[in-house]
Amino acid sequence: GFSSTYHAIPKVVTKTDVARLLAVYYHGGVYLDTDVVARRPFDLAVNGTWFVEKTVSVSKLGPREEPNSVRIANYAFGAQKHSPLVALMLAEAARRCRLLLTAKHNERGRYKWSDTDITWAAGPDVTTTVYHRTGGAGTTLMSEWQAMWHLSHLGRGRWKSKSGQRWAELVGLAGLVAATAAAICVAHRRQLPSRVLRYSIVPLR
């Protein structure tokens with residue numbers, strides 16, 4: 001079963017990617033990464049409410065990633081208990097993790113998981129792949145702008161290797177500046193309460 005696969009996973013971050021899917025599947029509700037600030041509530045569709053993380057050129061994707069330019073985030077999502085879509089994501093994550101666990105061993109007797117492996121095994125590539133395979137039936141998909149409206153994602157990427165983490169911090173800072181500017185424009189235009197601005201300028205630490 002998946003239990004033995006889960007305990008064999010060598011990367012803690014991959015275990016947390018699986019755990020968030022398990023928690024939402026068995027209990028229902030909303031999952032947020034610790035670097036995500038919820039600014040507005042959102043309703044849960046039967047098969048989940050999901051957010052577009054980014055839109056990329058298919059040519060930029062890795063060799064194992066399926067050619068879907070619209071990438072679905074796993075840093076924030078929500079679904080009702082026993083969502084069929086989340087069940088499919090769990091099954092796909094289990095399949096991928098088993099493939100990596102049985103991959104060719106290195107000289108030390110274990111295959112070393114890269115940042116790309118982590119993203120592919122149970123991370124955003126799983127949510128992206130399964131969402132597009134099913135056509136998103138019974139879901140609500142928030143665009144990148146809608147995601148910025150509902151959430152502030154600092155996106156520090158602490159799980160990554162040192163070089164990847166530095167890049168993630170730069171991207172996160174740029175996203176934070178953009179989110180702040182958008183919130184200021186909206187607040188001036190619609191005269192929203194000042195808490196919107198406070199939530200969107202959480203400092204990077």
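Which residue forms a salt bridge with E92, and how far apart are the closest N and O atoms?

Reply: In this predicted model, E92 forms a salt bridge with R133, and the closest N and O atoms of the two are 3.2 Å apart. The pair links distant parts of the chain, since E92 belongs to helix α3 (residues 84–101) and R133 to helix α5, 41 residues apart. E92 has a relative accessibility of 7% and therefore counts as buried, whereas R133, at 48%, counts as partly exposed.

R133 also forms a salt bridge with E66, where the closest N and O atoms are 2.6 Å apart. Because R133 lies in helix α5 (residues 124–134) and E66 in the loop between β3 and β4, this pair ties together parts that are 67 residues apart in sequence. With a relative accessibility of 26%, E66 counts as partly exposed.

Since R71 lies in strand β4, the pair ties together parts that are 54 residues apart in sequence, and both D125 and R71 are buried. R71 in β4 stands opposite K54, and three bridges join β3 to strand β4 (residues 70–72), the two running antiparallel.

As for confidence, the mean pLDDT of the protein is 79, and 72% of its residues reach 70 or more.

Definitions and conventions. Residues are numbered from 1 along each chain as its sequence is written. This is a predicted model: local features need pLDDT of at least 70, side-chain atom pairs count only at pLDDT 80 or more; totals for chains, interfaces and linings use all residues. Side-chain values use heavy atoms; hydrogens and water are left out. pLDDT is the predictor's confidence in each residue, from 0 to 100. Two strands pair if DSSP finds at least two bridges between them. Helices (H or I, at least four residues) and strands (E, at least two) are DSSP runs, numbered from the N terminus. A salt bridge is a side-chain nitrogen of Lys or Arg within 4 Å of a carboxyl oxygen of Asp or Glu. Buried means under 20% relative accessible area, exposed over 50%, partly exposed in between (1.4 Å probe, protein chains only).
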